[in-house]
Protein chains: 2
Amino acid sequence: MDTLRALENIPGFKVATVQANIRNWEKPRRDLALIVADAPASAAGMFTQNQVAAAPVKMDKKHLKASDGIARAILVNAGVANACTGREGKRIAVKNVEQIADKLKCPPEQVLVASTGVIGRQLPTEKMANGINQAFKDLGKAKPGDFAKAIMTTDIKPKEASLVLDSEDGIILSGACKGSGMIAPNMATMLAFILTNAAVSPKALKAALKETADATFNMVSIDGDTSTNDSLFIMASGMTDAPAIDKPSGKRYDKFLAGLYEVSMSLSRQIAADGEGATKLVKVRVVNAKKHKDAVAAARTIAESPLVKTAMFGNDPNWGRIMMALGRSAAQVEEDKVSVSLCGRRMFSQGAPVLFDAAELSGLMKAKEIELEVDLGLGKGEALMLTCDFSYEYVKINADYTT
Amino acid sequence: MDTLRALENIPGFKVATVQANIRNWEKPRRDLALIVADAPASAAGMFTQNQVAAAPVKMDKKHLKASDGIARAILVNAGVANACTGREGKRIAVKNVEQIADKLKCPPEQVLVASTGVIGRQLPTEKMANGINQAFKDLGKAKPGDFAKAIMTTDIKPKEASLVLDSEDGIILSGACKGSGMIAPNMATMLAFILTNAAVSPKALKAALKETADATFNMVSIDGDTSTNDSLFIMASGMTDAPAIDKPSGKRYDKFLAGLYEVSMSLSRQIAADGEGATKLVKVRVVNAKKHKDAVAAARTIAESPLVKTAMFGNDPNWGRIMMALGRSAAQVEEDKVSVSLCGRRMFSQGAPVLFDAAELSGLMKAKEIELEVDLGLGKGEALMLTCDFSYEYVKINADYTT
């Protein structure tokens, strides 16, 4: 990756990664990261819909509201999720935030936190405090790729994406994220962080993040399980001479939105492709649904069906399972209008099976990325869901974990 | 099993099982079964909620309505599901029904059919016709257990349950079913058949079946996937001197309902315990929910979570995953009122983790049947869901199948 585009090098931000030893990792590794904006920056976040939300998630929501979408720092740790930890968990999160706010001489509500790891375990108070102190000493020293590595849990690959939105203005969007099983093996979660030097108002930033996330991060599903800690953040430093984007409309906003979509989609694909035990990325596209929500419901149910996912793992062009999953979804379905294709080969057409070369199709299914398309023939609703197959390895990773 | 209680020996019914060779089975086996009532009998049925319902399901619903809950026969085949088969599939089902109605000299709407097997393949017309002829020749010759074996697909064990409701009156309830993955490996489905010699009006029979199924068969989930063919039937011959049950209330009705619940619960447990690749039965009990529907939603989401199910397979007392699944369910949840137990050991109490002996609990989890209890602390709603763990074997069975 072009180092100029790295998340560690976005104008207006400094990044540090630290080995805080939050868990007894098998190999020594960095497990704490800090992003600091040189000056108050526009910020927005989106968080898990899970009713059992972790302490950092509850705090971030409050902070973004109280600060009117302005932030100075984001602290991230891997190893302990700080979820289901009661009052003590909340106390530790507050303490970490106060330590950072003191250093930056900013209000606590301008500090955000994110955690990923084991549920129900408390963060080690002293290790966190020491780690934060070290992070301030190392601020700005993180090299390209360091941040993405420090936030990993069961991820196999670090996940980064970036683009130059406007080379004339020098505007860059750069992101990093972690994924794997949604919460498995009890220490994974989707966390994503995007930084830009564009000047964007908090209101416009929030709107852009929501619109983008609904079509990208929210359309990824590994196993249908939703973490207690899922969080997506964006910060905009405004370190550019280009005019500011003040409202969620207009040509400049649309260009920013398109760039944000591209970075988010790349990160989302990387999460799906690196799902726990995944051997391939599976794109589930539903077209011509009665309404958009029908397309989303159908795509999600097919993408999360264990029987569809095991068939994708086994290179089995089993369209019957796709029809079964479609039929049990909340989408409006008329069987005799449905068509199903896999890897570009039609298997079922307007309610009736079609002859196809199953052996050839099974061969095509061995690709690292395959697409499954369902045409509902009822309207213009469309949705694309990103998922992965379901392998022995998924069961192994998630069964062999012991507290 | 006491042969007098066997489904093959219920007064007023005759049963035949036939080797019709509907599929090229690895070993020769019986794959067609016919139940015939000596005279028109009360009958009721419940069917899959899947929008992509198989031809037999669509037909049965019409027949039970047209006949006002009276039936003479049920034909069952294993090997081909007759789902997603378009007009041709419907034509074959109609043909089979007409052949049976001709033999019995009854209206076609008094004949019911059930299929289980591969989706999208047509039933072999001639083999079905020959099989039906043979079944009429063999009627009454089926031995105890023959019916349960003839309807199996990927099931490892045949599933039967019966009880003598009233020894004085000689009233018996006897059932057989098949389960395994909900539709996997593309040839499994839940089919259940219950016969009784009690005299019960169609209206009372329908009410009893609905009430029972909602608390038993509808609370079983192997993988969250719903077959295109799920069907549950009950027929009552009235071959008894005991007084008839005419309406869905009163002492005699309540006694019948209790007996039907017991038989249905036994069959449901057998289905869950024999889920594809299952190593144990997992009972998920939710108590003190705000409302009954909250209890059902919570129990279902926990029972269907791949992360909870793999933890149960790995004997991992991972309460964090249970909390995660609970939190993403539609049930009303207040984290600080929730308590979670496994095998009778408390792990999480009113919003905070509790110290427990994880090694001891992991040992207890090795049992063939384990219970997980979630107390929501909000009301009086209760639900019990039956499921199984998620093993390597599940992935293997469902990935290695090729059309």
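How many salt bridges does the rule find across the interface of chain A and chain B? Hold that thought while we look at the model.

## The model and its confidence

What you have here is a predicted model, with an ipTM of 0.80 and a pTM of 0.84. Chain A averages a pLDDT of 92, and 96% of its residues reach 70 or more.

One stretch of chain A calls for some care: over residues 182-187, pLDDT stays under 50. The model still gives that stretch 42 contacts beyond four places in sequence.

## How the two chains are related

Two copies of a chain are related by a rotation about an axis and a shift along it.

## The shared surface

On the contact count, 57 residues of chain A touch 57 residues of chain B. The copies meet through the same surface, because 100% of the interface residues of chain A are also interface residues in chain B.

The size of an interface is often given as the accessible area lost when the parts come together. Between chain A and chain B, the buried area is about 4,400 Å², and carbon and sulfur atoms give 57% of that.

## Salt bridges and polar contacts

Back to the opening question: the rule finds 2 salt bridges across the interface of chain A and chain B. In a salt bridge between the chains, the side chain of A:E335 meets that of B:K58, at 3.5 Å from N to O. As for polar contacts, the count between chain A and chain B is 14 residue pairs, both residues being at pLDDT 80 or more.

## What lines chain A's side

Which elements give two or more residues to the side of chain A that touches chain B? They are α8 (306-313), α9 (319-328) and α11 (392-399) of chain A. The largest share comes from α9(A), which puts in 8 residues.

Notes. Residues numbered from 1 in each chain as written. Chains lettered and ligands numbered in written order. Heavy atoms only, no water. Contact = heavy atoms within 4.5 Å. Buried area = accessible area lost by both parts, 1.4 Å probe. Salt bridge = Lys/Arg side-chain N within 4 Å of Asp/Glu carboxyl O. Polar contact = N/O pair within 3.5 Å; in protein donor to acceptor, adjacent residues only side chain to side chain. Helix = DSSP H or I, 4+ residues; strand = E, 2+ residues; numbered from the N terminus. pLDDT = per-residue confidence, 0-100.
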